[in-house]
Amino acid sequence: MRFQFPLCVCALVLALLAPAAWAAAPTGYMGTAPVNSQSDDERAEALKTALANVVVAQTGDSGVLARPDVAKAVAQAERYVLQYQYRRNPVAGDAGEAKMTLVAQFDSAAVDRMLQRLGLGSADSKAAVSETPSEATVWIGGIRNAEDYARVIGYLGKNNFVRGAQPMQAHGDGILVKLSLATDLARFLDAVGMERTLTVASAPTSGDKVDATLSLVP
């Protein structure tokens, strides 16, 4: 089946499909931070911000960043980085928006060990995940631009229940994604429903056979 995105969205998918492969990889957590240049100093600070975002996502508590031991660990962000890249901000200059976004992938195993050492329970939360893995094909709609696409891929990459995610097709304002899950689909959908990035729709919005239909929250 051919991609049927509008030309501008098709170009977006072609540009972002390769980064998506590593962003959703089960070996890494993705974090982002705004930047105005690619200088070494700004990159070092941005990596700290990106890792701080990962810590908050994994612990569910932004308050932990105020702890001196956590702040010290986050300050060593470069030791956890697998790879990074820059993405230009199409609305740079509007309301003080940064020119670019640094997108970094961190070693999930190393980050988990760091969180466990700090007593933040990441390893415990992962151990609680069901040991009945499954695969599912989901349709994710509501993707209007590059930022929306990055939000979806980033969410899947950080979700503890998602071992891998592979975009398969694109059509209209959505994408078809094959998920490798560490649990069953029902539990994954329950977790999605408790968060505010995606919502679970009641019926598919494309002609493809899917196991669930999701929609990005604006």
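Q: Which residues have the most contacts inside the largest nonpolar core?

A: Happy to walk through it with you. This is a predicted model, in which local features need pLDDT of at least 70, side-chain atom pairs count only at pLDDT 80 or more, and totals for chains, interfaces and linings use all residues. Residues are numbered from 1 along each chain as its sequence is written, and side-chain values use heavy atoms, with hydrogens and water left out.

The residues you ask about are Leu51, Val55, Tyr80, Phe106, Val111 and Met114, in a core of 26 residues. A nonpolar core here is a set of buried Ala, Val, Leu, Ile, Met, Phe, Trp, Tyr and Cys residues joined through side-chain atoms within 4.5 Å. Buried means under 20% relative accessible area, exposed over 50%, and partly exposed in between (1.4 Å probe, protein chains only). Two or more residues each come from strand 1 (28-35), helix 2 (40-59), helix 3 (68-74), strand 3 (100-107) and helix 4 (108-117). Helices (H or I, at least four residues) and strands (E, at least two) are DSSP runs, numbered from the N terminus. Helix 2 gives the largest share of this core, seven residues.

Leaving aside neighbours within four places in sequence, Val55 is in contact (heavy atoms within 4.5 Å) with Gly60, Val64, Leu65, Val70, Val74, Met114 and Leu115. Apart from this core lies another, of 25 residues, including Val162, Val177, Leu198 and Leu214.

Back in helix 2 we also find Arg43. Arg43 is buried, with a relative accessible area of 16%. Not counting residues up to four places away in sequence, Arg43 touches Gln38, Tyr84, Tyr86 and Leu102.

Now to helix 4, where the buried residues are Ser108, Ala110, Val111, Asp112, Met114 and Leu115. At its start, a side-chain oxygen of Asp107 reaches to within 3.0 Å of the backbone nitrogen of Ala109. Just after helix 4, Gly119 takes a positive phi of about 75 degrees.

Buried residues make up 44% of its 218 residues. Among contacts in the chain with a separation of 6 or more, 67% are between residues 24 or more positions apart.

How values were computed. Polar contact = N/O pair within 3.5 Å; in protein donor to acceptor, adjacent residues only side chain to side chain.
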